[in-house]
Amino acid sequence: YQRRVHGGLWATLFVPLAVGLSAVMYYRGLRITEEEKASVRSLDFNVFNYKLSGSMERKDMVVPLLIELFIATGAVEKFCLDIDRLYRFLICVKKMYRNVPYHSFFHAVDVAQTVFVLMQQLDGLGLLGPFEKFVMLVTAILHDVDHMGLNNSFHLRADTPMGLLSSTAGMRSVLEVHHCNLAVEITTNAAYNIFSTLDKDQLKEAYKILLDCILATDMAKHNDLISEFKQSVKDKYLLMKVILHTADISNVAKPFPQARQWAIAVSEEFHSQGDLEMQHGLEVSPLFDRSKAELSKDQIGFIDFVGEPHFSLLAEWNDSLSFLIANVRANRNEWSTIHSHTKQNS
């Protein structure tokens, strides 16, 4: 693949990248313990144990951990998935994620693992089987592929090539459409086609799920998605969109040490965009001006306006998800304490 920058504005050219046998053998040779296998399938998983490691080999261990999730869904056995092809797919996608503060491959890993846990918690509904779980993991891993660390608003206001294309086509989900395009290109490449063993009807359904769910991660669609969910809680396609979206915004529902690390990462990405907005003479978006940054206040705002309503709704709908709102409320208390101390010391 190639990436090019024109006039300081992001534009992307993707050419499928060959993943050689040596790369597959390297990742297959990374040994994860039985304890790690159990952890990645549980609520206790912490991606920062790998993301913050000083060892590149340990960072790379998230790839075989993702393999474990595919095995745990039953998809590897049921759909006769080729493990080497699955590794090639994951390696390719990992390389397609950029080294940005928040929307990196580790975000994709965290979202995929959270999707797995949410599906596990909701097993009692009987709505999602091995097929749906398989496609949902694939979708979660691809949902932010090639994210540039710049949001839809920036692309539209800065007239980046992607922003101009979206404006001309009458679309505002600039990034989500880009992620969908790359997701299709990767999964239809023979080297990475992990849908190759699905029959015609399954393949059609797999792409419907993948595309609909990725498009539903646009935060601009949050209120509409939740309103729709309130009206039709037993629609499995709608449920899958809500599961991915929930995992995508689940930072505030993680134990506080993880929530704090994600908050720092997303703030740095926002501030980097704010710096670029100033460079291009654009009005700096709210929360993106690093000279006015106040991490605790920003997190409290997000929890109050998005996190609390969303996760409390899920807990009311299904008690198996009540752990999420418990964490959200505990984290708000932590941020409130930090905010109070900050005000006292200012």
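Which helix does glutamate 132 lie in? Select residues 130-142: that is helix H9, and glutamate 132 is in it. (Helices here are DSSP runs of H or I with at least four residues, numbered from the N terminus.)

Before going on, a quick note: this is a predicted model, where local features need pLDDT of at least 70, side-chain atom pairs count only at pLDDT 80 or more, and totals for chains, interfaces and linings use all residues. Residues are numbered from 1 along each chain as its sequence is written, and side-chain values use heavy atoms, leaving out hydrogens and water.

Now zoom in on glutamate 132. Is it buried or exposed? Buried, because its relative accessibility is 9%, and buried means under 20% relative accessible area with a 1.4 Å probe, protein chains only.

Next, show what glutamate 132 touches: leaving aside residues up to four places away in sequence, these are Leu127, Glu205, Lys236 and Met240. (Contact means heavy atoms within 4.5 Å.) Pick the side chains of glutamate 132 and lysine 236, and you'll find a polar contact of 2.6 Å.

Lysine 236 takes you to helix H15, so select residues 236-248. The axes of H9 and H15 come within 11 Å and cross at roughly 35°. (Axes are lines fitted to C-alpha atoms over the stretch in contact, with angles from 0 to 180 degrees between N-to-C directions.) Colour the residues that make the contact: Glu132, Met136, Thr139 and Ala140 on H9, with Lys236, Met240, Ile243 and Leu244 on H15.

Last stop: helix H12, residues 174-187. Here 11 of the 14 residues are buried, among them Val174, Cys180 and Ile186.

Technical notes
Helices (H or I, at least four residues) and strands (E, at least two) are DSSP runs, numbered from the N terminus. The expected span of a helix is 1.5 Å times one less than its number of residues. Buried means under 20% relative accessible area, exposed over 50%, partly exposed in between (1.4 Å probe, protein chains only). A polar contact is a pair of N or O atoms within 3.5 Å; within protein, one must be able to donate a hydrogen and the other to accept it, and residues adjacent in sequence count only if both atoms are side-chain atoms.
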